[in-house]
Structures are given as C-alpha cells and as structure tokens.
Amino acid sequence: MAVEETVAETTTAKQRLFTVDEYHRMIETAILHEDDRVELINGIIVEMPAVGSRHAACLKRLINLLPYLKPQDVIIDAQNPVQLDERSEPQPDVALLRHRADFYAGSHPRPEDILLVIEISDTSLATDRADKIPLYARSGFAEAWIVDISHRRVEVYSKPVEGRFTSIRAYEQNETVESPTLDWLKVAVISIVE
Amino acid sequence: MAVEETIVEDTTATLKQRLFTVDEYHRMGEVGILDEDDRVELINGVIVEMSPLGGPHIRCVAHINRLLSDFTTPTTILSIQSSIRLDNASEPEPDVVLLRYDRQTFGNDVPPAEDVLLLIEVSDSTLSVDRKVKVPMYAQSGIPETWIVDVVHKRIEVYSQPNEGRYDNVRVYERGETIESPTVTGFSATVNEIVD
C-alpha cells in the first residue's frame with residue numbers, strides 16, 4: 001500500500017507542491033471557491049468524492065449519536081478542515097476536538113487538538129487506507145477510524161509509532177467498537193452503518 | 001522514469017487531483033502564490049516544476065537559437081524558454097519555438113498554439129516525459145512540427161502531421177545526418193550542428 005508514498009515521492013520530484021499558507025491564499029483570492037470541495041493532502045490539492053446517500057446517512061448517524069456519549073469538554077466537528085502540517089489540511093468526516101472557548105474561530109484545529117478522526121468510506125476505501133491513515137499516523141493522532149460502508153465494518157487504528165499505527169482492529173456488524181483511547185466511547189457498529 | 005506520467009495518470013487514479021485552468025494559474029502568479037523563483041509550467045492542469053538546466057542542455061539550446069535566428073523572417077520570431085498557451089489546461093515553456101510574428105499583436109497575450117510553426121524540446125533527464133506527455137499534448141494542440149533533441153543519445157526525433165493527439169509522421173535522425181524540416185520550408189540543419 002505505498003500509494004501515499006508514491007504520491008509524495010513522484011510529486012516532490014516534479015509537481016509543484018503547495019503549503020497550507022498558499023492553499024489559504026488560493027481560497028482568499030477566489031482561485032479556489034466555495035464550490036470546490038477540496039482538501040490539501042501532502043501538498044496536493046485533491047478533490048473530495050461526491051458524498052452518496054449511504055455516506056451521508058452514516059455521517060448523520062454519527063453526529064446524532066455522539067452528542068449523547070461525549071463529555072462536556074469535547075467538540076464534535078463534521079467535514080471541516082484540520083491543519084496537520086505545512087502541507088496537509090484534510091477535511092475528515094468527523095473529528096472529535098478538545099474544547100476551545102472560540103470553537104476554533106481563530107485557527108483550524110491542529111493535531112494536538114484532535115482526539116479522534118473518523119473517515120466514512122465507500123468508494124474511497126483504498127485511498128483512505130493508503131493516503132489518509134498514514135497521514136494521520138504521521139501527525140501523531142492517537143486514534144483514527146475508517147467506517148467501511150460496503151463491508152459494514154469499522155477499522156480502528158491506534159498507537160502511532162514513527163508514522164504508523166501499530167494497533168489495528170476491525171469490528172464487524174454485530175460487534176461494538178470500544179475506543180482504545182477514549183473510555184467514554186463505545187458504539188455498536190450496527191448503530192453507525194446499516 | 002515516467003515520473004510526470006505517474007503524476008498525470010496514476011496519482012489521479014487514487015487521489016483525484018484538483019486541476020487548474022490557465023486563468024487560475026495566472027492568478028496564482030498575480031497574487032504571489034507562484035513567484036519569479038518558481039520555475040514551473042502548467043501541463044494538463046498540473047503545475048509542474050521544471051528540472052534545472054545542465055550545461056549540455058544550455059549549449060544545445062544556444063546552438064539551435066543561432067541556427068534558427070539566421071532563418072527568421074519579418075513575419076516569424078524565435079522565442080526561447082517562454083510560455084505558449086495550448087488550451088485551457090496547459091501552458092508549457094518549450095525550449096525553442098518558432099512563431100508567427102506581427103509587431104502589432106505579438107505578445108499582447110501568451111502566444112497561442114496556432115502561432116507555433118516549429119517547437120523544439122531539448123531532453124536529457126526528461127526524455128520519457130517529453131515523449132509520453134509533451135509530444136502527444138503538442139499533437140493534440142495541432143502544433144505542425146515538434147523536435148525532441150535527445151542530448152544523451154545525440155539524436156533528434158522529428159514529429160509532424162498531428163492527428164488527434166499523435167503525430168502520424170515520426171523520423172529519427174542520427175549524428176552525421178541532415179534534417180530537412182517537413183513543414184518549415186527551406187529550414188535544414190545537421191544533427192552535429194545541434195548536438196555534438
């Protein structure tokens with residue numbers, strides 16, 4: 001699964017990569033506009049796939065379920081940018097953030113603000129595994145989930161060591177996901193993906 | 001070594017890259033996202049960095065410059081390592097282009113593909129990309145004649161008769177041979193004059 005590496009290598013060799021600052025300038029100067037559903041991944045501006053109804057339903061389930069579980073000091077965020085490093089600003093489907101009084105009006109959440117990210121995958125499963133998960137591991141995220149809609153499974157990645165998650169566990173439809181890092185977070189797979 | 005090919009084809013298969021138009025590319029220059037230090041060109045919507053030029057490459061371009069300068073007329077002009085606009089997604093900087101010239105209008109905008117009479121790319125490390133990405137792109141834009149000067153193997157590939165994204169006529173000239181341009185009437189050069 002070296003797709004992510006391939007992107008990074010071939011493109012650092014040849015393609016002009018962009019920084020988060022340059023990416024923000026493109027938004028300010030309307031080179032990129034609201035209609036552009038994009039994220040910055042390893043210096044490349046990437047189009048996000050159109051959200052299908054099953055993907056949308058899964059997201060709705062998560063953002064309606066999580067408020068009942070979460071403690072007061074956690075903010076639930078959906079499909080908003082998080083700034084990981086100089087060259088990456090993805091938009092995970094769900095991010096659980098440390099509470100901040102301004103709700104991150106001053107700046108996008110950084111890795112140290114992020115407790116958990118969840119990516120919902122249908123057609124994007126290979127890309128999420130190959131590109132997003134290593135990026136999140138490199139950013140030192142404690143935990144990341146992929147909800148695999150097609151196979152009705154949840155993959156839970158944790159224990160990042162030197163840019164890789166060293167613990168991976170897949171939960172099937174009849175199981176309950178227990179977060180390895182957030183003791184309050186226990187979710188039946190069937191309540192997220194039907 | 002199909003680095004750029006990988007970018008343009010394989011990468012987009014996994015991550016669907018946001019491609020840029022020529023207008024967006026120019027806006028990046030205007031607002032300072034891309035600046036003078038950026039040696040870049042826009043190839044099929046992707047902003048690509050150009051390789052640094054080595055001595056043999058510079059020498060070769062200079063020799064072509066001299067040869068073609070002698071050949072220009074009041075209605076043609078030579079442009080060296082400057083942009084041409086192919087379509088809405090590509091604005092490359094070929095090493096040498098022979099362009100139609102009209103003092104009133106020339107350079108009001110980036111010269112379009114229609115004004116290109118002959119285009120020459122000098123290749124050392126970029127041979128594979130030039131052949132697989134650039135030549136088809138030039139054919140697609142209807143550029144009547146393209147040369148690839150292969151500095152490493154000291155030979156010149158001459159492409160003409162563009163037809164739906166490829167050139168129907170390709171001829172390779174080795175050292176000691178003389179190229180007679182198939183489309184630029186009266187222009188000929190020996191391989192040795194260009195690459196030695």
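Buried means under 20% relative accessible area, exposed means over 50%, and partly exposed lies in between (1.4 Å probe, protein chains only). This is a predicted model, in which local features need pLDDT of at least 70, side-chain atom pairs count only at pLDDT 80 or more, and totals for chains, interfaces and linings use all residues. Residues are numbered from 1 along each chain as its sequence is written, chains are lettered from A and ligands numbered from 1 in the order in which they are written, and side-chain values use heavy atoms, with hydrogens and water left out.

**View 1. A:V156 in strand β7 of chain A.** A:V156 is buried, with a relative accessible area of 3%. A:S179 lies 23 residues from A:V156 along the chain, with 7.8 Å between the two C-alpha atoms. Strands (E, at least two residues) and helices (H or I, at least four) are DSSP runs, numbered from the N terminus.

**View 2. Helix α4 of chain A, with a kink at A:K132.** α4(A) has 14 residues. From first C-alpha to last, α4(A) reaches 19 Å, close to the 20 Å expected at 1.5 Å a residue. The expected span is 1.5 Å times one less than the number of residues. The kink is about 30° and comes shortly before the proline A:P134. A bend is the angle between axes fitted to the seven residues ending at a residue and the seven starting there. Of the 14 residues of α4(A), 10 are buried, so the helix is largely enclosed by the rest of the structure. Among the buried ones are A:L125, A:K132 and A:Y136. Just after α4(A), A:G140 takes a positive phi of about 80°.

**View 3. A:D128, a residue of helix α4 (residues 125-138) of chain A.** Is A:D128 buried or exposed? A:D128 is buried, with a relative accessible area of 5%. Beyond four places in sequence, A:D128 touches A:E119, A:I120, A:S121, A:I133 and A:I146.

**View 4. Helix α4 (residues 127-140) of chain B.** α4(B) has 14 residues and spans 19 Å from its first C-alpha to its last, close to the expected 20 Å. The helix bends by about 35° at B:K134. A proline, B:P136, follows within four residues. Here 10 of the 14 residues are buried, so α4(B) is largely enclosed by the rest of the structure. The buried residues include B:L127, B:D130, B:K134, B:M137 and B:Y138. Just after α4(B), B:G142 has a positive phi of about 75°.

**View 5. B:P144, in the loop between α4 and β6 (145-150) of chain B.** B:P144 is partly exposed, at 26% relative accessible area. B:P144 and B:L117 are 27 residues apart in sequence, but 6.3 Å apart in space, C-alpha to C-alpha. Not counting residues up to four places away, B:P144 touches B:V116, B:L117, B:Y159, B:S160, B:Q161, B:P162, B:Y167 and B:T183.

View 6. A:Y104 sits in the loop between β4 (94-98) and β5 (114-121) of chain A. A:Y104 is buried, with a relative accessible area of 9%. A:E162 is in the loop between β7 (153-161) and β8 (164-171) of chain A. A:E162 is exposed, with a relative accessible area of 80%.

**View 7. The largest cavity, lined by residues of chains A and B.** A search of the whole structure finds one cavity of 30 Å³ or more. About 50 Å³ of space lies in the largest cavity. On a 1 Å grid over the protein atoms alone, a cavity is a set of points where a 1.4 Å probe fits but cannot get out, and lining residues have an atom within 4 Å of a point. Points are joined across faces, edges and corners, and the volume is the space filled by probe spheres set on them. Chain A lining residues include A:Q15, A:F18 and A:I44. Those of chain B include B:Q17, B:F20 and B:V46.

Notes:
On a 1 Å grid over the protein atoms alone, a cavity is a set of points where a 1.4 Å probe fits but cannot get out, and a pocket is an open set with protein on both sides within 12 Å along at least five of seven lines; lining residues have an atom within 4 Å of a point. Contact means heavy atoms within 4.5 Å.
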